[in-house]
Amino acid sequence: MRIWIFSGKQVGWWLFTCLTLGIFLGTGGPRDLPVSGGFGQNGISGRTIVIDAGHGGIDPGAVSRGGVLEKDITLAIAKELEYLLKRAAVYVILTRQGDYDLADSSETNLLTRKRQDLDGRVKIAADAKADLYLSIHANYFPSPRWSGAQTFFYEGSSEGQHLAKTLQTELVKELGPNNRLAQPGDFRVLRKAKMPAAMVEVGFLSNPREAELLSQADYQRKVATAIFQGLLRYYRN
Ligand SMILES: [Zn+2]
């Protein structure tokens, strides 16, 4: 039988290695990353964030004149944002990964389907005890002249308002001039979410120039980056 005698320095290194490898913390995924002080120095690492790509399946959302579908734009931006957040050690949950909705497949009433779909999205966030809920949509207006990204929060939610304002500032900074302000909006997902929540309308599909931009991967990445910067700033404050 050999007796191991460790010097203080050796024990220190051993502890360091164990902690780095997550042996003591049982790290199994990004959720359990060994972040000091709760959520890391940046305030966002280790958080659980739900990204909700609006619409999907039989519900395309808004459709541009050129045939750009809102459901495709929202999913593409959600996935870009997921990539950026995961690099910052955020535990990301997408409400959908592909072209489908969350309604009961046997339900034929469209209104009921829509309600089930939206409630299913919020339930994902509730079940995960998410720290934040972010819904991504694109706007549409009968006139083609309006453009620009805009954020919404549920009236009376001061955290939601703070989040939406912070995101709006970064969207304007990153995507160019835009006089729009974060506004209260009575959207079902914002009303039902129990955590800080905001909706980002990434632009107007009714504006031909913006619809074209929104369909481009480079621009989708730019929008995702703006939202990411907004989230970083939100948690830094
Ligand atoms: Zn929408």
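The model is predicted: local features need pLDDT of at least 70, side-chain atom pairs count only at pLDDT 80 or more, and totals for chains, interfaces and linings use all residues. Residue numbers start from 1 along each chain as its sequence is written. Helices (H or I, at least four residues) and strands (E, at least two) are DSSP runs, numbered from the N terminus.

Six strands form an open sheet in the order 2-1-3-6-4-5, with mixed pairing; two strands pair if DSSP finds at least two bridges between them. Its edge strands, each pairing on one side only, are strand 2 (91-94) and strand 5 (183-184). Strand 6 pairs with strand 3 (residues 132-139) in the parallel sense over six bridges. Strand 6 also runs antiparallel to strand 4, to which three bridges join it. Examples of residues that face each other across these pairings are listed below.

| Residue | Partner in strand 6 |
|---|---|
| Serine 135 | Methionine 199 |
| Isoleucine 136 | Valine 200 |

Strand 6 is mostly covered, as eight of its eight residues are buried. A residue is buried if 20 or more other C-beta atoms lie within 10 Å of its own, exposed if 12 or fewer, and partly exposed in between, with C-beta atoms placed from the backbone.

**Helix 4**

Helix 4 (residues 158-175) has 18 residues and spans 25 Å from its first C-alpha to its last, close to the 26 Å expected at 1.5 Å a residue. The expected span is 1.5 Å times one less than the number of residues. Among the buried residues of helix 4 are Leu163, Ala164, Leu167, Leu171 and Leu175. An α-helix has 3.6 residues a turn, so residues three or four places apart point the same way. The buried residues of helix 4 pack against strand 4 (150-153), helix 5 (188-192), strand 6 (197-204) and helix 7 (217-236). After helix 4 comes glycine 176, with a positive phi near 105 degrees.

**Helix 7 and its neighbours**

Helix 7 has 20 residues and reaches 28 Å from its first C-alpha to its last, close to the 28 Å expected at 1.5 Å a residue. Its buried residues include Val223, Ala224, Ile227, Phe228 and Leu231. The cover over the buried residues of helix 7 includes helix 2, helix 4 and strand 6.

The axes of helix 2 (residues 70-87) and helix 7 come within 8 Å and cross at roughly 50 degrees. Axes are lines fitted to C-alpha atoms, for helices over the stretch in contact, and angles run from 0 to 180 degrees between N-to-C directions. Helix 2 and helix 7 are therefore oblique to each other, since angles under 35 degrees count as roughly parallel, over 145 as roughly antiparallel, 65 to 115 as roughly perpendicular and the rest as oblique. Residues making the contact include Ala76, Ile77 and Glu80 of helix 2 and Gln220, Val223 and Ala224 of helix 7. Two residues are in contact if their C-beta atoms, placed from the backbone, lie within 7 Å.

**Glutamine 229**

Glutamine 229 is partly exposed because 18 other C-beta atoms lie within 10 Å. Leaving aside neighbours within four places in sequence, glutamine 229 is in contact with Glu170 and Glu174. Its C-alpha atom is 7.9 Å from that of leucine 167, 62 residues apart along the chain.
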